[in-house]
Amino acid sequence: GAHLSSFNTPYKSLIDSNEKELMKYKNTHILRLPGVWGIKSIYNKIIPSGLIANILYSTKRQNSFYIYSRSDTLRNYISAQTVGKAIYNLITNHHSFDLKNQINIISQFSYTIFDLIYIVEKITHIKLNYQFKEYSSYDIESLIASNSNGKKIYVLESIYTDIHNAWKDL
């Protein structure tokens with residue numbers, strides 16, 4: 001998201017400078033990802049990562065949660081499993097690395113916060129207990145495109161199916 005932001009934040013400057021430095025080295029590849037989410041279990045402890053996973057985890061535990069954004073903020077989300085498959089395909093298909101050293105993996109579809117809430121409520125049959133909290137301008141910026149530099153790899157995933165499977169596995 002740092003590349004797409006219209007805000008000139010220290011984080012964006014750091015990402016840009018790190019990428020410029022990395023590109024000085026031969027055979028370096030930069031992988032850019034959208035809002036990755038997933039749930040993993042380590043030693044029987046569930047660890048949610050990303051907005052969607054935290055919504056599911058809070059809902060399963062019957063906890064309320066806060067959203068630091070507006071309901072119409074549009075973002076590109078992709079599951080960790082889909083990212084893993086895309087990276088595997090890149091590695092096993094070596095010639096794809098010859099095209100460009102900067103690779104943007106993105107989902108073909110973007111969703112608003114409202115869309116995510118609707119999907120989770122439909123799958124779980126539970127009315128979510130959330131509140132919108134005060135947010136910064138960075139939190140409400142819609143980030144739906146990919147960086148203009150590098151190769152774009154669009155993945156087609158069903159966010160509905162991925163959320164449904166994650167909910168079943170919780």
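## A walk from the sheet to a helix pair

Start by selecting strand β7 (residues 102-107): this strand pairs with β10 in the parallel sense over five bridges. Here, two strands pair if DSSP finds at least two bridges between them, and strands (E, at least two residues) and helices (H or I, at least four) are DSSP runs, numbered from the N terminus. You're looking at a predicted model, where local features need pLDDT of at least 70, side-chain atom pairs count only at pLDDT 80 or more, and totals for chains, interfaces and linings use all residues. Residues are numbered from 1 along each chain as its sequence is written, and side-chain values use heavy atoms, with hydrogens and water left out.

Next, click Ser107: its bridge partner in β10 is Val155.

Now show the whole open sheet, three strands in the order β1-β7-β10 with parallel pairing. At its edges sit β1 (30-32) and β10 (151-155), each pairing on one side only.

Which helix packs on the sheet? Select α3 (residues 80-92), which touches β1, β7 and β10; contact means heavy atoms within 4.5 Å.

Hop to His29, in the loop between α1 (10-22) and β1. His29 is partly exposed, because its relative accessible area is 36% (buried is under 20%, exposed over 50%, partly exposed in between, with a 1.4 Å probe and protein chains only).

Last stop: helices α4 (residues 113-124) and α5 (residues 159-169). Their contact includes Leu116 and Ile119 of α4, plus Tyr160 and Trp167 of α5.

Note on methods:
Axes fitted to C-alpha atoms, helices over the stretch in contact; angles between N-to-C directions.
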